[in-house]
Amino acid sequence: MSEGRAAVGIGVAYGAVGAILAYAVQRLLDAIDEPPMSAVLATAFIPYFWRVASSLVVGAAVGLGLGGAAAVGGAPALGPRLLGALPVVAGLATLCAVAAMLAVP
């Protein structure tokens, strides 16, 4: 596989993980002081859309940053290290997302 394609793959993978992690963290932080859903039913979706939009921005920034770093190759072994760490990072993001789903109705 060429280095360019590997860099794109790294960027997409870490971008998706970054977006998931950003959403889960925001949801957990919102749950700390959020009023009950029955009290704010009319505006229930507004915070959701803000969380989704900001998570997509964070995911794009993470993906572009790490994909660009792997493509430019300041350190020649950066790409393989990022690919090797991806299962651990994705697992941590999954645990955070599960915690957000269980902690918040």
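Gly-4 counts as partly exposed because its relative accessibility is 43%. On this scale, buried means under 20% relative accessible area, exposed means over 50%, and partly exposed lies in between (1.4 Å probe, protein chains only). Gly-4 sits in helix H1. The model is a predicted one, in which local features need pLDDT of at least 70 and side-chain atom pairs count only at pLDDT 80 or more, while totals for chains, interfaces and linings use all residues. Residues are numbered from 1 along each chain as its sequence is written, and side-chain values use heavy atoms, with hydrogens and water left out.

The protein contains 3 helices and 0 strands. Its pattern along the sequence is α-α-α. Helices (H or I, at least four residues) and strands (E, at least two) are DSSP runs, numbered from the N terminus. Of the 105 residues, 25% count as buried. The accessible surface amounts to about 6700 Å². Carbon and sulfur atoms hold 78% of that surface. These areas come from the Shrake-Rupley method with a 1.4 Å probe; for residues, only the protein chains shown count as cover. Contact means heavy atoms within 4.5 Å. Among contacts with a separation of 6 or more, 85% join residues 24 or more positions apart.

Helix H1 spans residues 3-33. Ile-32 belongs to this helix. Ile-32 counts as exposed because its relative accessibility is 69%. The C-alpha atoms of Ile-32 and Val-104 are separated by 9.4 Å. Along the chain, these two residues are 72 residues apart.

Helix H2 covers residues 46-72 and includes Ser-55. Ser-55 has 3% relative accessibility and therefore counts as buried. Its contacts, leaving aside neighbours within four places in sequence, are Ala-19, Ala-22, Tyr-23 and Gln-26. The side chain of Ser-55 also reaches the backbone nitrogen of Tyr-23, at 3.0 Å. A polar contact is a pair of N or O atoms within 3.5 Å; within protein, one must be able to donate a hydrogen and the other to accept it, and residues adjacent in sequence count only if both atoms are side-chain atoms.

Helix H3 runs over residues 78-103. The axes of H2 and H3 come within 8 Å and cross at roughly 140 degrees. H2 is therefore oblique to H3. Axes are lines fitted to C-alpha atoms, for helices over the stretch in contact, and angles run from 0 to 180 degrees between N-to-C directions. Angles under 35 degrees count as roughly parallel, over 145 as roughly antiparallel, 65 to 115 as roughly perpendicular and the rest as oblique. On the H2 side, the contact is made by Leu-66, Ala-69 and Ala-70. On the H3 side, Leu-78, Gly-79 and Leu-82 take part. By class, this contact has 5 nonpolar, 1 polar and no charged residues. Ala, Val, Leu, Ile, Met, Phe, Trp, Tyr, Cys and Pro count as nonpolar, Asp, Glu, Lys and Arg as charged, and the others, Gly among them, as polar.

Two further residues of H3 were examined. Cys-96 lies in H3. Cys-96 counts as buried because its relative accessibility is 15%. Not counting residues up to four places away in sequence, Cys-96 touches Leu-21, Ala-24, Val-25 and Leu-28. Cys-96 and Leu-21 are 75 residues apart in sequence, yet 6.7 Å apart in space, C-alpha to C-alpha. Val-98 is also placed in H3. Val-98 is partly exposed because its relative accessible area is 35%. A distance of 8.2 Å separates the C-alpha atoms of Val-98 and Ala-24, residues that are 74 residues apart along the chain.
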